[in-house]
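Here's a walk through a two-chain model for someone meeting it for the first time. Have a look at the structure, then read on.

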Amino acid sequence: MQSLPHWLPTKPTPLQLLDIAYIVVILPIFLILKTPMLFFVAIALFLIIKGDIPSTKRVLMLMLLGGVAVFLSLYGSFSFSGLSRLRLFVELLIYLLLIAVALQRLTRTINFYLKLSPALLMALSLFFFHSIGMLIYVILEVYLLLLVLMWAIMRTEIRAVLRVATLFYLISLPMMVLFFIFFPRISFEHATYGFKGEIVKHSGHDGVMHIDNEGLLVPSNRIVMEVGFEGAIPPMHQLYFRGSVLYIQKENTWIPLQIKPKSSVPQKYYADHTLTHYKVTLYPTNKKWLYLLDIPYETTTKAKTDYDLEFKVDKNIDEPILYKATSHIGESIETSLSAYLLHIALAFDPMRNPKSIAAIRKINASTDIPKERLVAISNLFRSQYLTYTLKPDAFDLKNATDSFLFDTKKGYCTHFASAFATLCRMAGIPSRIVTGYRPNGGDSIQNYLIVRQKDAHAWVEVYIDSAWQRVETTSLASVIQDGIETTNQTEQNAENQQNEWDKLSLYLHYIKYQVDTWILEYSVLSQKKLYSYFKSDTFFVLKFIGFFLLFVVLLFVAWWIFRRMQCRPKELCVLSPLFDLLAKKGYPKDPSESLNHYFERLCHEHQLPLETINLLYHQIRYQKIAQPNTLLQLKAEIKKATQHLLS
Amino acid sequence: MKLMNTLDTKFTPLITAIASQLYGKEESITLTLAAFFAKGHLLVEDIPGVGKTTLARALASVLGLEFGRIQFTSDLLPSDILGVNYFDQKKSDFVFKKGPIFTQFLLADEINRSMPKTQSALLEAMEEGRISIDREVYTLQEPFFVMGTQNPYEEVGTFRLPDSQLDRFICALRIGYPEYEAERAILSRQKPKSIDISPPFTTQELLAMQSEVTQVHLSDALLDYLQSIIALSRNGAYFVHGLSTRGALALASMSRAWAYLHSRNYAIPDDVTTVAPYVCLHRLKFTEGKTTIERLRNVISENTHPDA
């Protein structure tokens with residue numbers, strides 16, 4: 001710290017300060033710029049560094065270049081309907097802002113907009129990053145921008161600026177937190193700003209299945225669970241983590257049975273060598289399901305299972321849990337089917353999907369054997385050249401199956417599964433939908449596997465030959481568009497982990513999860529949840545306020561310590577209470593006057609006995625060799641003066 | 001208990017004596033004295049008739065110094081200042097005839113009227129403390145103090161001193177018009193009083209005091225403050241160019257002298273703040289507007305923080 005002022009001896013010019021601000025805010029934006037835009041920025045940077053003010057003609061050329069860069073960057077995704085996607089819209093805004101800033105910066109004159117734009121760019125860049133890294137960067141960014149602002153305002157050395165900026169930052173933190181919690185979020189659900197719902201539908205298993213009309217499925221990278229196998233990971237295409245089983249189609253939602261029949265758990269006798277043993281770390285889902293590989297055999301936790309082989313615990317899972325499980329990797333569950341279930345597993349709404357009913361009629365007429373009908377349905381799917389995509393077109397919600405199968409022909413796993421199950425039921429084959437997770441294998445190292453929310457999947461089980469048999473319905477798609485992203489997340493695989501280490505990493509993941517939930521994915525929904533807590537639970541309100549006050553107090557302590565630490569030299573620290581007292585008594589120190597001037601002024605104008613203090617202070621501070629106990633004398637004199645002032 | 005900014009009692013008779021000649025200009029007088037004790041030379045920038053000569057004469061007489069005066073004109077030659085070798089026919093040899101520079105207190109009036117060649121002859125002598133003519137080196141007397149004056153408003157027929165030459169003056173001051181009361185006193189008196197004290201110090205004592213000034217302590221805290229002023233002059237926000245290292249040294253010496261005059265063996269920020277505008281006056285130029293003592297003082301006090 002001592003050498004910092006020497007390192008930065010002079011105050012930078014306003015333009016240099018602005019440049020610093022821009023460097024800070026544009027760094028993350030570089031990550032989202034497309035190549036043509038990068039090229040444009042590089043040219044603009046070159047011109048800015050070159051330093052001379054370009055002619056109007058050249059500025060116009062650069063502007064044109066910027067336009068071309070924007071066009072090329074957004075080529076393909078750019079259409080007026082495309083603009084309703086928020087991300088694209090913001091991207092366009094950033095590009096335009098960058099061009100404007102570059103052009104203005106070239107003229108080397110600072111105007112209001114040039115000063116304002118770093119804040120705008122920072123705000124816009126927040127739309128693109130939802131990682132802890134960016135969170136930390138933003139916290140730092142705010143501090144740096146504050147520092148630059150202070151630097152521009154204050155005409156002093158960097159040390160003082162750093163100190164003031166830090167103090168301001170500490171003071172503003174509680175406000176920032178309040179702002180963060182209560183600032184109105186954009187509710188995409190209601191498309192308030194005319195943007196299509198993009199955030200609402202995160203992928204993930206939630207116990208029911210909706211067939212949505214609009215909506216883009218946003219693959220979420222949130223980790224659901226980590227699985228460690230004893231031995232090698234079974235082939236990826238056989239890994240189906242079973243979640244909930246859905247029987248009832250209510251309009252466009254598949255839901256589980258409301259009342260579970262007391263059917264027995266399917267018989268399970270598998271030879272030992274056919275069993276797979278594995279360990280799962282399941283992160284909080286706020287649901288009751290445990291996810292076990294198909295076909296689940298047993299697990300160590302106190303989970304209840306049933307006829308459907310769903311494994312559920314009593315309470316919602318709100319903290320990470322660890323369980324061991326055993327499964328038989330297979331695709332058919334031999335069991336009986338009660339008349340009640342048979343009835344439900346064949347139910348469909350005859351008023352809907354007339355085209356499908358017509359198609360099934362043909363199949364039914366051609367054969368009586370369920371297996372052959374199943375093949376015929378699969379063939380029907382294949383003949384439609386269906387496309388697997390996360391961005392399906394709008395459906396006719398009344399006849400979702402017809403619409404998907406014969407009109408739009410685009411959908412993701414839920415659409416495939418729903419349509420297939422419906423058709424099977426029409427053909428008299430009992431069917432049910434199973435939702436869960438199906439990892440794509442990108443996140444595995446040796447025997448370690450990470451399952452993320454984007455791995456959520458739905459498939460169909462049909463009851464044929466007195467067994468529930470799995471049908472992978474998405475494999476019926478002919479075209480796969482932007483389907484399963486292969487992410488190269490390198491997760492550390494720690495073989496033979498120690499127990500303590502297990503716990504530690506579990507907690508680290510847990511902290512990460514909490515940050516994810518409460519900061520990065522803090523949305524209008526979380527806000528609503530918070531408000532409902534506020535309304536229903538007075539204790540929660542007290543707890544919230546208590547924690548907030550604690551936070552403020554901690555900050556204040558930090559601020560105080562920071563101030564104390566800055567309090568050097570000693571003689572000034574000793575004097576500071578006296579200054580406070582004098583200021584309170586109506587004799588404040590003018591910031592630009594020296595202490596000597598201040599003390600002498602008080603002596604002259606107000607007859608305060610401060611001469612000795614003044615002399616002692618200056619002796620300590622400026623004399624070559626101060627007397628050993630001058631500081632003690634000074635303290636004594638200050639005490640005297642304080643008593644005098646108070647009396 | 002005495003205040004930090006009270007003048008040492010041994011100097012008060014001096015100041016009072018000079019002030020009896022030059023009414024209401026105590027600060028200018030003290031500053032001139034400080035420049036003398038700092039072993040520097042003083043530049044007075046002012047119009048004629050505000051008391052430059054009076055100040056010089058009075059100061060020389062109270063300090064008991066030999067007084068010399070050169071009126072600079074456009075035809076003044078270096079030899080008119082330094083002296084000349086002439087051929088003495090009786091001795092049949094060249095004899096050096098000392099010029100008016102061989103004195104202890106030299107008033108160089110309107111130096112900007114003479115040619116650069118003559119100016120630099122004087123300024124080099126000031127810097128070196130000796131002169132050389134025809135390979136002979138002549139040491140000037142000690143103490144040697146030059147008070148140069150220049151008229152800032154007249155442009156015709158003057159040769160502005162270049163900044164590098166101005167740097168050789170430790171500080172500059174403008175005496176300025178007297179205050180209303182002081183002027184009334186000047187107007188109402190019948191004839192100028194003569195100085196009524198005998199010089200209180202011998203030349204040896206003056207030289208001893210000059211060396212004592214160099215012993216005045218500048219603490220780290222004070223040097224921090226001093227350097228903050230130097231940095232301010234150089235950061236380009238206010239001035240065309242910053243203080244040179246010679247200028248920085250001048251600031252340090254003047255601060256020492258000022259502290260010494262106020263009977264301290266250590267300098268405090270107020271010493272620096274008081275002398276800084278005078279040290280900077282002829283060295284710095286504001287990027288916009290006139291350079292005045294008041295503006296310099298304001299800029300320095302607003303942008304630097306003593307005792308921080």
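## Before we start

Helices here are DSSP runs of H or I with at least four residues, strands are DSSP runs of E with at least two, and both are numbered from the N terminus. Keep in mind that this is a predicted model.

## The two chains

Let's begin with the overall make-up. Chain A has 647 residues, of which 27% count as buried. It contains 20 helices and 21 strands. Chain B has 308 residues, and buried ones make up 43% of them. Its share of elements is twelve helices and nine strands.

What about contacts along each chain? Taking contacts in chain A with a separation of 6 or more, 71% are between residues 24 or more positions apart. For chain B, counted with that separation of 6 or more, the figure is 77%.

## Where the chains meet

How many residues of each chain are in contact with the other chain? The count is 23 residues of chain A and 25 residues of chain B. On the chain A side, α18 (595-606) and α19 (611-622) each supply at least two residues. The biggest giver on that side is α19(A), with seven residues. Sorted by class, the side of chain A that touches chain B has six nonpolar, ten polar and seven charged residues.

## Helices α9 and α10 of chain B

Chain A's α19 turns up again when we look at α9 of chain B. This chain B helix covers residues 220-234, so to speak 15 residues in all, and reaches 21 Å from its first C-alpha to its last, close to the 21 Å expected at 1.5 Å a residue. Its buried residues are L222(B), Y225(B), L226(B), S228(B), I229(B), I230(B), L232(B) and S233(B). What do they pack against? Their partners are α19 of chain A along with α10 (245-261), α11 (269-281) and α12 (293-303) of chain B. Just past the end of α9(B) sits G236(B), which takes a positive phi of about 85°.

One of those partners, α10(B), has 17 residues and reaches 24 Å from first C-alpha to last, close to the 24 Å expected at 1.5 Å a residue. Why is α10(B) described as largely enclosed by the rest of the structure? Because 13 of its 17 residues are buried. Just after α10(B), S263(B) takes a positive phi of about 50°.

## A helix pair in chain B

Two packed helices are described by the angle between their axes and the distance between the axes. In chain B, helix α1 (residues 12-19) and helix α2 (residues 26-37) pack at an angle of about 125°, with their axes 10 Å apart. Angles of 65 to 115 degrees count as roughly perpendicular and those over 145 as roughly antiparallel, so α1(B) and α2(B) are oblique to each other. Their crossing is right-handed.

Which residues meet there? From α1(B) come L14(B), I15(B), I18(B) and A19(B), and from α2(B) come E26(B), I29(B), T30(B) and L33(B). By class, this contact has six nonpolar residues, one polar and one charged.

Most residues other than glycine have a negative phi, and most peptide bonds are trans. In chain A, the bond from D294(A) to I295(A) is cis, with omega near -5°, and I295(A) is found in the loop between β8 (292-293) and β9 (296-299). In chain B, a cis peptide bond joins E142(B) and P143(B), with omega about -10°. P143(B) lies in the loop between β7 (136-139) and β8 (145-150) of chain B.

Now for phi in chain A. N353(A) has a positive phi near 50°, and so does Y385(A), also near 50°. Are they buried or exposed? N353(A) counts as buried because it has 26 C-beta neighbours inside 10 Å, whereas Y385(A), with 10 such neighbours, counts as exposed. Y385(A) lies in the loop between α11 (370-383) and β14 (387-388) of chain A.

## One loop in chain A

The loop between α9 and α10 of chain A holds N353(A). M351(A) lies in that loop too, between α9 (339-345) and α10 (354-366). With 9 C-beta neighbours inside 10 Å, M351(A) counts as exposed. The C-alpha atoms of M351(A) and N399(A) are 9.1 Å apart, though 48 residues separate them along the chain.

Notes. Residues numbered from 1 in each chain as written. Chains lettered and ligands numbered in written order. Predicted model: local features only at pLDDT ≥ 70, side-chain atom pairs only at ≥ 80, totals over all residues. Contact = placed C-beta atoms within 7 Å. Nonpolar A, V, L, I, M, F, W, Y, C, P; charged D, E, K, R; others polar. Buried ≥ 20, exposed ≤ 12 C-beta atoms within 10 Å, placed from the backbone. Expected span 1.5 Å × (residues − 1). Axes fitted to C-alpha atoms, helices over the stretch in contact; angles between N-to-C directions. Parallel < 35°, antiparallel > 145°, perpendicular 65-115°, else oblique. Left-handed = near helix turned anticlockwise from the far one by under 90°.
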